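Welcome! Please take a moment to look over the sequence and the model, and then read on for a short tour of some of its helices and aromatic rings.

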Amino acid sequence: MEYNIMVDGTYISEIYTWFLGGLLNVNRRYQRKLVWTLKEKQDFIDTVMRGYPVPLFLLVNTKQKVNGLELEQKEIIDGLQRLEAIISFIMNKYPIEINGVKQYFNIEAYPGSALLVNEDKLKQKYPAIPLETCSKFLLYQLPISLINADDAVVDEVFKRINSTGRKLSAQDLRQAGSVGKFGDLVYLLATQIRGDATADIVSMNEIADYSLSSAGLHYGLDVNKVFWVEQGIISEDALRRSKDEEIIAILCNCLLSNYTRGMSVRTLDSLYNPTSAVYNEYEKLLTESKTQDIINIFRLVIRDLENTFSVTDTTFNKLLFKPGKNYNKDLVFIIIFLALSKLYAEHYVIKDYKKMSTALDHIANNELNDIIVKSECVWNTDVRNHLIDRVKNILVKYMEFQEDNPLWNEAFKEFLKQVSVEGQLLDFKIGIHDLRTGKENDDVICKIVKTLTAMVNTHPMKEGVVIIGISDKERDAADFATHYKTTVTKYNDLYVTGVVHEASKYYGSIQAYTKHLKDVIEKQNVAPEVIQYLLENMDTLKYEKQTLIVLKLKSNKPLFHDKEMFVRYESHNKPVEAGSSEFYEVLRKFGINV
């Protein structure tokens with residue numbers, strides 16, 4: 001494995017110039033959010049002001065396009081808190097105390113500061129530190145390690161750096177550089193719940209927008225309004241140490257193992273270890289649909305809990321616990337969460353949030369007292385599952401049974417929302433049989449494949465989607481109801497017919513229906529990789545009693561159907577003539593220069 005590391009002293013002024021030029025990025029696989037308090041920042045600046053040595057900073061050289069130009073940029077792997085402390089100090093975001101007086105960095109010390117002031121990028125606050133002191137600060141050389149290496153080397157270096165000195169939390173170290181599906185799921189859920197979801201790479205200029213505020217530091221996320229802290233489940237300090245992600249990892253592990261695995265440190269470590277059996281088991285288990293199932297469970301539980309607390313103007317902490325010293329609120333949350341998820345799986349839903357509020361009133365003291373009276377308590381898989389069932393038997397009395405799985409509807413709604421948000425193209429087909437004659441029409445399947453290739457050519461690297469079992473036309477839905485002698489479910493402007501009636505009438509089962517779809521797809525005159533993608537990614541969705549077939553296609557190169565290229569224009573497939581300007585425009589979208 002070849003890589004090289006260059007360690008050099010870099011002036012603070014040069015680092016600040018990188019920042020102004022947009023050349024500093026934060027890799028959120030390693031640097032999740034800003035967590036330092038104001039005092040920690042001020043103490044670090046004091047260290048630099050005194051000329052004392054500071055720990056090494058680790059950056060990785062990358063190349064990114066900025067304003068159309070390919071520039072060498074630097075991803076921060078280790079040292080985000082310190083670099084941000086320096087940059088925000090220069091920008092007058094906070095003062096330091098010198099001789100008993102709080103003073104701000106003198107921006108005149110930085111060459112070009114006048115232009116920044118004129119552009120409203122900098123504003124001097126007073127009193128200002130003497131110019132000479134600030135000039136000396138800018139000439140302090142930070143020990144910067146620039147590395148050119150692959151992800152595996154960077155992961156190893158990062159973990160070794162953080163194994164000594166000021167350590168990250170155990171959960172931060174587990175998640176840092178995690179490339180497995182389990183770690184991805186935990187990170188996705190954590191950022192969605194906290195409200196700081198971003199791409200993996202974020203400009204240093206933007207990282208404050210996705211960080212937690214604290215006393216004297218006003219970042220994008222008000223820490224007191226983040227679900228975990230607002231509800232009193234964990235403390236602000238615990239949130240900064242990623243306790244929320246640890247709770248999510250425990251819950252995901254329990255759901256994936258069907259409540260058989262525990263939550264010991266060793267168990268949690270194994271979930272992120274590529275050599276462990278459970279890691280590889282979850283890599284196979286976490287298909288796209290399974291991942292979405294778990295996401296939907298989290299959304300539904302947290303939505304229902306927030307609604308329950310909202311209707312009575314209370315919180316998790318105030319409603320579930322009597323006043324006084326109560327421990328292990330995170331364990332209580334885990335029990336409540338898993339009890340609700342079991343009830344959802346059994347088709348129970350919360351219809352009356354005030355009733356649920358009554359069910360949860362002081363439930364921790366009344367039913368879970370053994371685990372909240374002391375910080376140390378007996379806690380293993382058997383104890384956990386026993387308490388889950390105890391709480392479940394109480395909550396079920398305040399919920400209502402419905403024939404349809406409540407998670408189906410959440411998955412369906414979320415899928416449509418996600419496709420819409422990501423700007424993907426979406427089309428619907430009511431089925432593959434004529435609703436008047438009942439005649440099978442394989443041309444419908446052919447047209448679906450053609451439509452998907454047209455979507456890909458219109459939006460490169462976005463996944464085109466066609467759902468069979470939905471109509472956006474009222475007339476077609478009425479014909480469906482007449483032909484199959486059934487009723488049609490309406491969702492917003494869509495008519496959800498499903499494929500169950502068609503599959504049962506003409507093929508005997510859903511399995512035979514999907515096999516027919518696959519057989520016809522395999523005969524399409526398209527590239528082999530297109531057929532492979534379609535077959536491997538064919539999926540089902542459920543809404544109420546209806547089953548839907550989802551066909552998807554994505555590609556990093558232009559696609560042809562029966563030797564013709566198509567693009568999607570409104571709701572139609574438009575042929576593109578070879579050699580035309582539109583043809584070359586499609587090629588350019590895929591980065592093919594002709």
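## Rings and a helix

Tyr-543 counts as buried, at 6% relative accessibility; buried means under 20% relative accessible area, exposed over 50% and partly exposed in between, with a 1.4 Å probe and protein chains only. Please bear in mind that this is a predicted model, in which local features need pLDDT of at least 70, side-chain atom pairs count only at pLDDT 80 or more, and totals for chains, interfaces and linings use all residues. Residues are numbered from 1 along each chain as its sequence is written, and side-chain values use heavy atoms, leaving out hydrogens and water.

How many aromatic pairs does a search of the whole structure find? There are 25 of them. Rings of Phe, Tyr and Trp (its six-membered ring) pair if their centres lie within 6.5 Å; planes under 30 degrees apart count as stacked, over 60 as edge-to-face and the rest as tilted.

One of these pairs joins Phe-182 and Tyr-272, and it is edge-to-face because the planes stand at 80°, with the centres 5.7 Å apart. Phe-182 belongs to helix α8 and Tyr-272 to the loop between α12 and α13, so this pair ties together parts that are 90 residues apart in sequence. Helices (H or I, at least four residues) and strands (E, at least two) are DSSP runs, numbered from the N terminus.

Tyr-543 has a ring partner too: its ring and that of Phe-412 have centres 4.6 Å apart and planes at 40°, so the pair is tilted. This pair links distant parts of the chain, with Phe-412 in helix α21 (residues 406–421) and Tyr-543 in strand β16 (residues 539–543), 131 residues apart.

| Residue | Relative accessibility | Class |
|---|---|---|
| Phe-182 | 2% | buried |
| Tyr-272 | 11% | buried |
| Phe-412 | 0% | buried |

Elsewhere, ring pairs link Phe-227, Trp-228, Phe-298, Phe-309, Phe-316, Phe-321, Phe-333 and Phe-337 into a cluster. The ring of Phe-321 also has the charged end of Lys-329 over it, 5.5 Å from its centre. A charge sits over a ring if NZ of Lys or CZ of Arg is within 6 Å of the ring centre and within 35 degrees of the ring normal.

Finally, helix α13 (residues 277–285) has Val-278, Tyr-279 and Tyr-282 buried. These residues lie on the same side of α13, because they cover an arc of only 105° around the axis, taken from the directions from the helix axis to the C-beta atoms. On the other side of α13, Ala-277 and Lys-284 are exposed.
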